[in-house]
Amino acid sequence: VALEQVCFPLPWSEVQISSSLTSELAEILLLGGSGLEPSAYAVFQFVADEAELLRIGVCPDRRGRGEARRLLTQGLERLRMRGLRTCHLEVAVH
């Protein structure tokens, strides 16, 4: 929740985050930072043979180190292993 709040101007609520973490239709990836808190994360959701990247966030002090690229690459590979061939991304400008 704390990472979500520093990554986005309109962060997901704790309920939204909890829902994505427990969904059987989600692929969640985390990268560790210092201590027990993650420094970056990605949330993919999939239905049938398509997926959508819902969130990808990197702690501001860890940006520019390729963490988002690593998450995206790993996430797309996991989706491919599930047999998914398409992943959508909707972008909002704030």
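Student: Which residue in β4 does Glu52 stand opposite?

Tutor: This model is predicted. In it, β3 and β4 run parallel and are joined by three bridges. Across this pairing, the residue of β4 that stands opposite Glu52 is His88.

Student: Why do the buried residues of α3 line one face of the helix?

Tutor: Buried here means under 20% relative accessible area, and the residues of α3 in that class are Glu67, Leu71, Gly75 and Leu79. An α-helix has 3.6 residues a turn, so residues three or four places apart point the same way. Seen down the axis of α3, the buried residues therefore line one face, as they fall within an arc of 100°.

Student: Which exposed residues does the face of α3 turned away from its buried side carry?

Tutor: The buried side of α3 is covered by elements including β1, β2, β3 and β4. Exposed residues, by contrast, have over 50% relative accessible area. On the face turned away from the buried side, these are Arg69, Thr73 and Met81.

Student: Which residue in the hairpin of β2 and β3 takes a positive phi near 55°?

Tutor: β2 and β3 pair in the antiparallel sense, with eight bridges. Their hairpin has two residues between the strands. The residue with a positive phi near 55° in this hairpin is Ala48.

Methods:
Residues numbered from 1 in each chain as written. Predicted model: local features only at pLDDT ≥ 70, side-chain atom pairs only at ≥ 80, totals over all residues. Heavy atoms only, no water. Buried < 20%, exposed > 50% of the residue type's maximum accessible area, 1.4 Å probe, protein only. Helix = DSSP H or I, 4+ residues; strand = E, 2+ residues; numbered from the N terminus. Arc of directions from axis to C-beta. Contact = heavy atoms within 4.5 Å. Pairing = 2+ DSSP bridges.
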